[in-house]
Structure formats: structure tokens, C-alpha cells
Amino acid sequence: MSSSSFYALIFLGLCMMSLIHADDGSFVVVRSSEEHQLKSISELHVADLISHVAGLPPVHQHTDRTHFPRSSLFSRPSANLLVSIDSVTLDILNEAPTHFFNFENDRTISLKKADYPEDAVSTATTILTGEDYTSHGIVGSSWKFSKSISVEGYSDNGNCQVAKINDRVAMNSEGGARIISLSSNRQMAAAMGIHTELAAAHPDWNAEAMYYAKKQGLVDLYSGETIKSIDEIRDFARYNGMTLKTAEGHKLASELYGIKLIPQHIQSMTRADNVHAPDMINIGISSIRQLSLRYGVGSPQVLDAIRLLDNALVELMGQLEEYYNGEITTEIINLQSSTEEHSFYTQAKQQVHLKDDAPTTTDDSDTYTQDEVSAFQTKFWVAIVLTIAIILGALALVKMDMLENSLIYRTTDGPRPIPDVQ
């Protein structure tokens with residue numbers, strides 16, 4: 001096989017690999033009044049699925065909704081509950097005694113994720129915006145912008161650049177719809193809430209994002225006020241038979257306490273009568289990943305934490321169904337089975353697996369962009385030209401005569417021809 005053919009095969013292989021999406025056991029479960037036939041979905045289309053079942057305007061007009069649950073314009077839900085959890089697999093969830101996380105009677109939808117980045121915060125942002133990281137700008141929990149500049153996700157210099165579903169609901173309802181997000185991780189709470197600049201511009205809107213801060217406790221992201229102090233979280237944990245000795249335990253307790261507070265906080269917000277958008281309740285469970293890192297994936301501590309969270313969510317779901325008269329839809333998203341996140345330190349490692357256009361190319365695509373075609377043509381013909389040049393150069397050197405006036409005669413120690421004797 002010639003070297004040109006070898007290079008061409010390598011390049012074609014890379015082009016095919018760029019179409020591959022990671023399959024790490026991620027999935028989506030939709031609980032609504034209607035059945036659906038979805039078997040798999042791209043992370044870029046989950047926003048359309050959520051908006052569809054929640055009775056919201058579509059995020060992308062061109063998305064195929066053939067297998068989405070049927071919906072009626074005259075029967076919209078009053079609220080939508082979105083729960084995300086990462087660093088667990090379906091098998092691990094099945095090991096723990098659960099009810100909310102019991103999917104035996106649910107149709108799980110395989111979530112097709114991009115190869116890069118591997119990060120729950122970035123994936124959650126992609127899911128809620130319907131755009132990949134190159135558009136919304138959240139590369140990971142943190143990332144290197146240059147050799148000397150690093151950026152944290154959802155910071156002043158690293159905020160989301162695209163409107164999320166919750167931003168659309170808040171703006172369309174002019175702050176009338178109630179939007180609550182909760183996570184022990186500040187970045188996840190920001191990802192699942194409304195944009196911080198939007199909240200700052202409209203402090204009177206019905207929006208709240210709760211996260212755990214080590215020295216404060218449960219904090220409101222938008223106002224900075226302490227909702228529940230560290231001591232109150234510890235009292236809550238002791239009351240529920242928990243012993244808090246680690247940071248991971250405090251994060252779990254804060255999520256459990258926050259889940260318990262959600263119905264109270266919803267009722268404390270005043271919803272206008274003319275608002276047609278549903279209330280959006282978003283919970284990003286991040287404590288399981290922290291516990292998995294400390295004790296191991298599927299460890300007894302992780303299984304016990306899943307059981308506690310499951311009980312809290314079952315209680316929450318019962319209260320919400322009663323408050324909204326059963327008019328509530330639910331989505332449960334398993335973001336990834338890996339405990340790794342994209343940070344300053346893991347960026348180089350993750351980029352080894354980076355393929356061109358992996359976040360935006362769908363599985364069923366059989367076409368190439370003009371840039372891909374141009375790149376292929378360039379590499380293919382350059383390989384051929386270089387191969388021909390090498391072959392011709394080698395032949396020229398082999399057949400060259402070492403005459404007295406040649407370059408090779410003057411620069412080598414080869415035998416010289418005997419001059420003619422006159």
C-alpha cells in the first residue's frame with residue numbers, strides 16, 4: 001500500500017470517528033400523561049423535548065417531533081419538574097431501594113452525548129439551551145482559555161451566552177412564572193436557573209437558585225442571602241439520622257434540606273393570574289458524584305445517599321401533585337456515568353478524544369460540510385504530491401553520475417574517476 005493511500009485511509013477513519021457520540025449509559029425519562037416512542041435522543045434536542053411536554057414554544061423549529069409525547073394546546077401542565085443526576089448508572093440505581101428512581105414502568109430514552117467535553121455542568125447547559133459548548137460557551141466546570149488564563153464556568157468571565165429554557169419562561173411570563181433551581185454545586189444551580197444578569201436586572205421576578213456554600217450553608221445565588229445556615233443544616237441532618245463528618249455529607253444534607261424547602265418557597269412566591277407558562281422546578285443532584293469520588297462508585301455510602309434522595313423526591317412529588325392538582329410533568333436525566341469533570345487539570349486529557357464537530361453532528365448524518373471536504377482534499381492531494389516527490393528524489397539520487405563537476409562529487413568521499421592522460 002502506498003503512503004498516499006495510507007494517509008487517505010487514516011483521514012477517512014478520523015472523519016467517521018467524528019460522527020461518534022459517547023455512550024456512557026446516560027438516559028432521559030419523561031413522566032407525563034402521554035406515551036411516547038422515543039428510544040434515543042441527542043443532547044441538543046432535549047430542550048425541545050422538555051419544551052414540548054411542558055407546553056412551551058419550541059426551541060428549534062426544525063426538530064423532528066414525530067416520536068415526542070402527544071400534547072394539547074388546551075391541556076398544558078401547571079408545573080414542570082426536572083431532576084438531573086450524574087455519576088451513576090441504571091444498574092446502580094436499581095441496586096438501591098427506590099421509588100422515584102425506579103424506572104421499571106418507564107420508557108428510558110438513551111441520551112446521545114458529544115465526545116467532548118465530559119462534564120455535568122456543560123452537559124446540563126447544552127440540554128437546557130439546545131446548543132453545544134461552542135455556542136453557549138460553558139466548556140466545563142473550568143477550562144484553560146490560554147496558557148496563562150483560566151476560566152470558571154458561570155463566573156463573570158465565563159457565563160452562559162445562550163438563553164436557557166428557564167430564561168425563555170422568565171422573559172415570556174415577565175417574571176410571573178415561578179422558577180426554582182437547587183444543587184449543592186453553585187455552577188449546577190446557575191445552569192439550572194435563570195441567567196444571573198437577568199435576575200439582577202429583575203430582582204422582583206419569581207426566581208430563586210439555591211446552592212451550598214461551605215461557610216454559609218444554603219445560599220440564594222441571586223441575592224447572596226443565607227437561606228439555611230450550616231448549623232440549621234446540621235440540625236436537619238441529625239433529625240434525619242445523619243452524621244455529618246465530611247464535606248460530601250454536608251453537600252448531601254444541603255440537597256435533602258433544599259428539596260424539603262421547595263414547596264414552601266413555591267407557595268411564598270406570588271404567581272400572576274394571566275401567566276400561561278408553567279412553573280419550572282429544577283434539581284441538579286451533585287452530591288452523588290462527590291460521594292462516588294470519595295467512597296467509590298456504587299459504594300454503600302452512595303447507595304444510602306440515593307435512598308435518602310429518593311425518599312425526599314417522593315415526598316416532594318406528592319406535595320407538588322397535590323399543590324398543582326396533578327398537572328405536572330417530570331423529566332429525570334442521568335447526565336453521565338463518569339465521575340470525571342472538565343477542569344483546568346483534565347482539559348488536556350479530555351481533548352485527546354476531541355473530534356471535529358463532535359458536539360453538533362448527529363448520528364444519522366451522511367453528509368460532510370464544505371470545510372470537511374476541503375480539509376480532506378487538501379490532506380489527500382498533499383500526501384500524494386509528497387509521496388511522488390520522495391520517489392522521484394530517490395530515483396534521481398540512485399541514477400545520478402558522480403562526475404567531477406557534480407555536487408555529489410564535491411561533497412562525498414566516493415572514488416574519483418582517473419583523469420585522462422594526454
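## Aromatic pairs

This is a predicted model. A search of the whole structure finds 8 aromatic pairs. One of them joins Tyr-116 and Tyr-133. Their geometry is edge-to-face, with 5.6 Å centre to centre and 75 degrees between the planes. Tyr-116 sits in the loop between strand E4 (109-112) and helix H4 (120-129), and Tyr-133 belongs to helix H5 (residues 133-136), so the pair ties together parts that are 17 residues apart in sequence. How accessible is Tyr-116? Its relative accessibility is 3%, so Tyr-116 counts as buried. Tyr-133 is buried too, with a relative accessible area of 15%.

Phe-344 and Tyr-345 form another aromatic pair. This pair is also edge-to-face, at 6.2 Å centre to centre and 75 degrees between the planes. Phe-344 is partly exposed, with 26% relative accessibility. Tyr-345 has 75% relative accessibility and counts as exposed.

## Packing of H10 and H12

Two packed helices are described by the angle between their axes and the distance between the axes. For helix H10 (residues 247-268) and helix H12 (residues 300-323), the angle is about 5 degrees. The axes of H10 and H12 are 10 Å apart. How are the two helices oriented to each other? Angles under 35 degrees count as roughly parallel, and H10 and H12 are therefore roughly parallel to each other.

Which residues make the contact? On the H10 side they are Leu-252, Glu-255, Leu-256, Ile-259, Lys-260, Ile-262, Pro-263, Ile-266 and Gln-267. On the H12 side they are Ala-305, Leu-308, Leu-309, Ala-312, Leu-313, Glu-315, Leu-316, Gln-319, Leu-320 and Tyr-323. By class, this contact has 14 nonpolar, 2 polar and 3 charged residues. The charged residues include Glu-255 and Lys-260 in H10.

## Confidence

The protein averages a pLDDT of 85. Of the residues, 84% score at least 70. Where does pLDDT stay under 50? One stretch is residues 1-22, for which the model has 38 contacts beyond four places in sequence. Another is residues 357-365, with 21 such contacts. Where pLDDT is low, the predicted coordinates should not be read in detail.

Conventions:
Residues numbered from 1 in each chain as written. Predicted model: local features only at pLDDT ≥ 70, side-chain atom pairs only at ≥ 80, totals over all residues. Heavy atoms only, no water. Axes fitted to C-alpha atoms, helices over the stretch in contact; angles between N-to-C directions. Helix = DSSP H or I, 4+ residues; strand = E, 2+ residues; numbered from the N terminus. Parallel < 35°, antiparallel > 145°, perpendicular 65-115°, else oblique. Contact = heavy atoms within 4.5 Å. pLDDT = per-residue confidence, 0-100. Phe/Tyr/Trp six-rings, centres within 6.5 Å; stacked < 30°, edge-to-face > 60°. Buried < 20%, exposed > 50% of the residue type's maximum accessible area, 1.4 Å probe, protein only.
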